[in-house]
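Here are a few notes to read alongside the structure. Take them one point at a time, and find each residue on screen as you go.

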Amino acid sequence: MDSTSRWLQTKTFHHSRFTDIDALMRRKQGRGLTISLCIPTLNESRTIGPLVRVLASELRTRAPLLDEIAVIDSGSSDRTLELAAAAGADVYRAADILPREGAFRGKGENLWKALYQLKGDILIFLDGDIANMERRFVTGLLGPLLEAEDIGYVKAFYDRPRIQRGRSGDQGGGRVTELLVRPLFSLFFPELAAIIQPLAGECAARREILQALPFPVGYGVETAHLIDLQARCGLDALAQVDLDERRHRHRSNRELGRMAFAILRVVSRRLRQRGVLSEPALEERVLRQFFRQDGQCQWQEHRIDEQERPPMETLGAYRLKFGLVGDSHPKTAALLRAGEGA
């Protein structure tokens, strides 16, 4: 059995394995851990209230598994923050966190700022557009981290039905995943081809792992983290969990084109670092898309830089807040040693 097949068998779980809340609480308390949930948002007023309400009721009021439930917002123009706060979340605007570092608008920026703002030893990230929220989204992701100390990062996978005329349609891994990311991984990062849903926004990780990673500020953050984690820690530091089904809004092809362009930029940056691409390759920052107006095809240009935030552990303000001394966190160093020996 090759290493990828072994990883699929030993590091792929189903959420039903982690349904015992009392057992999760015992593991959490026995290891003295705090757990923070972050929901990055931008105009999610349709779903954010029910989403937060379910998690606050199930996993903070009935069983205090979560120490924090927080929304980190990119500047919503709707009632996202108001509804999230009313449902029981702490709410923050990303631009107000670490103001001396400036502000970008994007999901990765929210996750990076959350790492500074929130206190948890483990951070769980859930997208704000989930329409069928249940506690399995949290317990499934958290379970492997509480069960196995050698796992540092857990990724979700699920069916994503497209509801058309009252019927469920395609349940694949997503258009950008199947048309871009999976082929890229198969070509350049073959071990990562074992990740069933690499662009899933739902994940959980240990703080010491996240603080050592750079964060692309936009859509490239999930792809970059998988590439960087596999390079630094080896595939065995990752796990994935089947959450069954996730219902959410589906984006237009034009939106997905911009997402794909951002992902290509972060992948090309890492391929250059490895010497696979020459320096000038894939340096274009402008995506051109076409649309029809008044019977004529027009083009529209989008500048997509996909800036990257440095590892949080390199910031003086972060090191001071979390009492970091020396170099890497000892658990990070142990995972890195394991990766080097793999």
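1. Let's begin with a term: a residue counts as exposed when its relative accessible area is over 50%, as buried when that value is under 20%, and as partly exposed in between. E149 has a relative accessible area of 52%, so this residue is exposed. Please keep in mind that the model is predicted.

2. Which residue does E149 pair with in a salt bridge? The partner is R31, and the closest N and O atoms lie 3.7 Å apart. This pair links distant parts of the chain, 118 residues apart: R31 sits in the loop between α2 and β2, while E149 sits in the loop between α6 and β6. R31 is partly exposed, at 35% relative accessibility.

3. The count of salt bridges comes to 21.

4. Now look at R270 and E308, whose salt bridge has its closest N and O atoms 2.8 Å apart. R270 belongs to helix α10 and E308 to strand β14, so the pair ties together parts that are 38 residues apart in sequence. Is R270 buried or exposed? Its relative accessible area is 3%, so R270 is buried, whereas E308 is partly exposed at 24%.

5. Salt bridges can also join up: K107, D127, D129, E202, E222 and R246 are linked in a network of them.

6. Next come the helices. The axes of α9 and α10 are 9 Å apart, and the two helices pack at an angle of about 20°, so α9 is roughly parallel to α10. Their crossing is right-handed. For α3 and α4, the axes come within 8 Å and cross at roughly 20°, which makes α3 roughly parallel to α4. This crossing is right-handed as well.

7. Check the backbone at two residues. Most residues other than glycine have a negative phi. N43, in the loop between β2 and α3, has a positive phi near 55°. L98, in the loop between β4 and α5, has a positive phi of about 50°. N43 is partly exposed at 32%, while L98 is buried at 10%.

8. Finally, the surface: L187, F188 and V276 form a nonpolar patch there, with about 290 Å² of accessible area together. L187 lies in helix α7 and is exposed, at 65%.

Methods:
Residues numbered from 1 in each chain as written. Predicted model: local features only at pLDDT ≥ 70, side-chain atom pairs only at ≥ 80, totals over all residues. Heavy atoms only, no water. Patch = residues over 30% accessible without salt bridge, like charges linked within 9 Å, V, L, I, M, F, W, Y side chains within 5 Å. Areas by Shrake-Rupley, 256 points an atom, 1.4 Å probe, with all protein chains shown as cover. Salt bridge = Lys/Arg side-chain N within 4 Å of Asp/Glu carboxyl O. Helix = DSSP H or I, 4+ residues; strand = E, 2+ residues; numbered from the N terminus. Buried < 20%, exposed > 50% of the residue type's maximum accessible area, 1.4 Å probe, protein only. Axes fitted to C-alpha atoms, helices over the stretch in contact; angles between N-to-C directions. Parallel < 35°, antiparallel > 145°, perpendicular 65-115°, else oblique. Left-handed = near helix turned anticlockwise from the far one by under 90°.
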